[in-house]
Amino acid sequence: KLNWKKYIEIIGEDQEHKPGGNFPVDPYSARNAIDLGISYYILKATDLDNLDKALENEKFAGTIISNE
C-alpha cells in the first residue's frame, strides 16, 4: 500500500516531469485522485488468478495507491 501524497513525493511534481515519462499515474492525475478519493491498483495484467484475488478483496501481488 502507498498513499497518494507519498506517491507524489516519489515521482515528483509536474514541473519536474518531461513528456513521455514512465509512471503509472502522472502528478496531475494523482492530485485529482486525492480530491476524488480514487484508489489505483497496480498488478500484472496477464496474471488472471492474481486479478481475481484483487477483485475479490483478497491478498494479491501488487500495489494499491489510495488516500489511506
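The model is predicted, with local features requiring pLDDT of at least 70 and side-chain atom pairs pLDDT 80 or more, while totals for chains, interfaces and linings use all residues. Residues are numbered from 1 along each chain as its sequence is written, and side-chain values use heavy atoms, without hydrogens or water.

**View A. A nonpolar surface patch formed by Leu48, Leu51 and Leu55.** The patch covers about 290 Å², an accessible area from the Shrake-Rupley method with a 1.4 Å probe, for which only the protein chains shown count as cover of residues. Leucine 48 lies in helix H3 (helices are DSSP runs of H or I with at least four residues, strands runs of E with at least two, numbered from the N terminus). Leucine 48 counts as exposed because its relative accessibility is 54% (exposed means over 50%, buried under 20%, partly exposed in between, with a 1.4 Å probe and protein chains only).

**View B. The buried and exposed sides of helix H1, residues 4–11.** Trp4, Tyr7, Ile8 and Ile11 are buried; they lie on the same side of H1 because they cover an arc of only 100 degrees around the axis, taken from the directions from the helix axis to the C-beta atoms. On the other side of H1, Lys5, Glu9 and Ile10 are exposed.

**View C. Asparagine 57 in the loop between helix H3 (48–55) and E3.** Asparagine 57 has a positive phi, near 60 degrees, and counts as exposed because its relative accessibility is 68%.

Key: Patches are made of residues with over 30% relative accessible area and no salt bridge: like charges are joined within 9 Å, nonpolar side chains (Val, Leu, Ile, Met, Phe, Trp, Tyr) within 5 Å. A salt bridge is a side-chain nitrogen of Lys or Arg within 4 Å of a carboxyl oxygen of Asp or Glu.
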